[in-house]
Amino acid sequence: MDQVLGRWDVLAVAFGAMIGFGWIVLTGEFLDRAGTLGAALAFVAGGLVVAFVAFTYAELVAALPHVGGEHSYVLRSMGSRASFFCSWTLVLGYVSVVAFEAVALPQTLLYIFPDMLVGKMYSVAGYDVYTSWVAVGVVAAVVMTWLNVVGARPAAVFQTVAVLFLAAVGVVLVAGAFVGGDVANMEPLFDGGWGGFLSVLVATPFLFVGFDVIPQSAEEISLPYKKIGEALIVSVLLAISWYVMIMLTTSSSMHAVDLAHSELAVADAVTKMFGHPAWGTLLVLGGVAGILTSWNGFLIGASRLVYALARSGMLPEWFGRLHPRYRTPANAVVFIGATSVLAPFFGRKTLVWLVDAGGLSIVVAWIMVALAFIILRRREPEMERPFRTPGGVVTGGIAIALASGVAVLFMPGMPAALTGPEWAIVAVWSVFGIPLLLRIPHVTGGPDAEHRLIEATHPAWGEKGVHEPPAPITRFHEEHDAALHEEAMQRMDDDGGPVAPDEGHRRHRSRRPRRDRPRSERSS
């Protein structure tokens, strides 16, 4: 896989993945529940919850910049089966978002083209499915999948352009607040007491999901390791700022009660500010940009995670093949993209069930990553960490506690409790995963865990060498092996005889400054 993603690409992918369409749909409801400052502070509090989790990710992605992110962290800390459980769980979460965006896009375009529904096909869970509606979702899914097959760089360029358009929409909102907003409309600043505040807080972590797609493509990032961790944290702070800005500017346009009755509150708000419906259409296009950036970000993340599982022998080798020309995990991309092609045929309601089930999956992965962070801090204190999380294991413990608190919200009787169909989706996904889990060899954690796992599983699914060679886990291992071979050959010339590989390896490590070693060696 080629290193093609720079600093702005990383920020665009992470930030864009976190900014979907929820901000344009749910804002009016949030303001009605908690008031202007109540809703804004709820997003600050929710952002802090996610920030603690993001800090654990930042240290791990800088120390272990391998494709698959969570897969590598949990494998090294807790072993093969825990790693598969975490990764399989996370795949459900990512796939649910990718599939849902193929439904959200045609649903959003109805605001601009209210007469686009043509050719009713059938109803699913009470939702009518139309041919034209499905066609929009399917065509968009094919385009997004193709974009990711031809390369991470084109996908990142697309992401950057869409995020820049989102930023322009944000500027329009701020300008509108000054031009047509009124501070009086922001009353009440607080509403609903603690109940109102908590009802918004419950929803915020799910609007911040997306920063964790960056670790999935770590091997494609051309940045110093510390900068990767820093970019992840910055993306979370940018998302917090975005959501707070949305609450404050939208509330200045009209009273919260009026916004609560609006289907697309932010679009109606900017129409009121500038006095022309064209501005509302612009905001809806901003919502479309949010859908596309989230879609693209999670497609990148999901495909790299599936690729990493296959490369380690946990999934069939077909998923681990790289495109011979574009050097992308094309088969994994096509597989994930196929779910978004099929999604519009199931209607909106069933996809809402899938997203809710996937939300729990992502939070479970957060908990396991924070636990891996603590284990590696204690077990491997000397592992080089270009980005060190402030607070160390205390921060990791807080991240586990906060993420566990979010997970509890999905339980029966809680504000975000999953429904029967959503629990059924979790159960079905688990049923498919159990046979895969049981066939995975038990490999304990450690710096060489992935090497040992590859040796135990290949050729479990097929011929060795069918896809990316499994022995060198990353390109950095290849560079390291090449450097060792070159030094051994030089010593043979100098000494008149061969050097044992192990001896050459020890001499090589002792003579080279640590900062000059390849990435894989630094983290072991």
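**View 1. The largest pocket of this predicted model holds about 1,300 Å³ of space.** Its lining counts 40 residues. Gly22, Leu26, Phe100, Leu207 and Val355 are the closest to the pocket centre. By class, the lining splits into 26 nonpolar, eight polar and six charged residues.

**View 2. Helices that line the largest pocket.** At least two lining residues come from each of H1 (7-18), H2 (22-25), H3 (27-34), H6 (80-112), H9 (193-207), H13 (277-311) and H15 (347-379). H6 gives the largest share, with eight residues.

**View 3. Helices around the second largest pocket.** H6, H14 (330-342), H15 and H17 (420-438) each contribute at least two residues to the lining of the second largest pocket. H6 and H15 also each supply at least two lining residues to the largest pocket.

**View 4. The hairpin of strands E1 and E2.** E1 covers residues 120-124 and E2 covers residues 127-130. The two strands run antiparallel and are joined by four bridges. Val124 stands opposite Tyr127 of E2. Two residues lie between the strands. In this hairpin, Ala125 adopts a positive phi near 55 degrees.

Definitions and conventions
Residues numbered from 1 in each chain as written. Predicted model: local features only at pLDDT ≥ 70, side-chain atom pairs only at ≥ 80, totals over all residues. Heavy atoms only, no water. 1 Å grid on protein atoms, 1.4 Å probe; cavity = no way out; pocket = protein on both sides within 12 Å on 5 of 7 lines; lining within 4 Å. Points joined across faces, edges and corners; volume = space filled by probe spheres on them. Nonpolar A, V, L, I, M, F, W, Y, C, P; charged D, E, K, R; others polar. Pairing = 2+ DSSP bridges.
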